[in-house]
Amino acid sequence: MQAGWVLLTLELLGVFAFALNGALTAMRDATLDLFGVLALGCVTALGGGVIRDVLLGEPVASLQVWWYLATATVGALAGFSGHRVFARMGRPLLVFDTAGLSLFCITGAQVALDAGLPAGQAILLGMITAVGGGTLRDAIVLKIPSILTGGLYAVPALVGAAIAVLGSEVGDVGLLPALLGAGACAALRAGGVLRGWHAPQARLDPPRNS
């Protein structure tokens, strides 16, 4: 399989996973109707890629070809029609959010490399691609974005993108660095939620009574 098809397949898997997550969030946290579920699913799935393409000064991929929006729509509809099945799963929102985050951090970084960006900027853009859709999702349903709360969100995406980019920089353009990056991102994200890992936090002393 050519590298371009591998990248497209991974990106579409990420789109589907994030669309499912957005749809389930719409029903759990905002009790939206079908149109709202489709809208939030598509925003979650495509928002990070749109931000990435705008920052790169490239045509927005999801507006140029049909399969991105189609995949997001199918994912959102799957979440809407199968929400009772997904509700029986353990932490379905975490599963699909982690899948989308892990896939988008590596595909976003690779798109940046292909556009000619240096390694550091490609890693940053991989992170932005991964967290962009989830941040828009949370803002729409009036939640504090996951990137600003505990449980690790942006850090796993940065680590995953860094592994994928550094693997490409040392000459390995195969699938292995991407898979390692996605796996590291998923492990850190799951550990952050399930085991309470978080980035350092500033703790202010309570005011003293005068």
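Predicted model: local features only at pLDDT ≥ 70, side-chain atom pairs only at ≥ 80, totals over all residues.
Reader: Why is D53 called buried?
Author: Buried means under 20% relative accessible area. D53 has a relative accessible area of 4%, so D53 is buried.

Reader: Where is D53 found, and what does its side chain reach?
Author: D53 is found in helix α2. Its side chain reaches the backbone nitrogen of A61 at 2.8 Å.

Reader: What makes that a polar contact?
Author: The pair must be N or O atoms within 3.5 Å. The separation for D53 and A61 is 2.8 Å. That falls within the cut-off.

Reader: Which residues does D53 touch, not counting residues up to four places away in sequence?
Author: D53 touches E58, P59, V60 and A61.

Reader: How do you know that R52 and E11 form a salt bridge?
Author: The rule asks for a side-chain nitrogen of Lys or Arg within 4 Å of a carboxyl oxygen of Asp or Glu. The side chains of R52 and E11 meet at 2.6 Å, N to O. The pair links distant parts of the chain, with R52 in helix α2 and E11 in helix α1 (residues 3-29), 41 residues apart.

Reader: Are R52 and E11 buried or exposed?
Author: The cut-off for buried is under 20%. R52 stands at 3% relative accessibility, so R52 counts as buried. E11 has a relative accessible area of 7%, so E11 is buried too.

Reader: What makes R28 and D29 a salt bridge, and how is each residue classed?
Author: The closest N and O atoms of R28 and D29 are 2.8 Å apart. The limit is 4 Å. R28 is at 54% relative accessibility, so R28 counts as exposed, because exposed means over 50%. D29 is at 29%, so D29 counts as partly exposed.

Reader: How do you know that D138 and R137 are buried?
Author: D138 is at 0% relative accessibility and counts as buried. R137 is at 3% and counts as buried. Both values set against under 20% give that class. The two form a salt bridge, with the closest N and O atoms 2.9 Å apart.

Reader: Which residues are linked with D138 in a network of salt bridges, and how many salt bridges are there by this rule?
Author: D97, R137, D138 and R189 are linked in the network. The count comes to seven salt bridges.

Reader: Why is L38 called partly exposed?
Author: L38 has a relative accessible area of 22%, so L38 is partly exposed. L38 is found in helix α2. Leaving aside neighbours within four places in sequence, L38 is in contact with T73, A76 and L77.

Reader: Why is α6 called mostly covered?
Author: In α6, 19 of its 23 residues are buried. Each of those is under 20%.

Reader: Which residue follows α6, and what is its phi?
Author: G116 follows α6, and its phi is positive, near 95 degrees.

Terms used
Residues numbered from 1 in each chain as written. Heavy atoms only, no water. Helix = DSSP H or I, 4+ residues; strand = E, 2+ residues; numbered from the N terminus. Buried < 20%, exposed > 50% of the residue type's maximum accessible area, 1.4 Å probe, protein only. Polar contact = N/O pair within 3.5 Å; in protein donor to acceptor, adjacent residues only side chain to side chain. Contact = heavy atoms within 4.5 Å.
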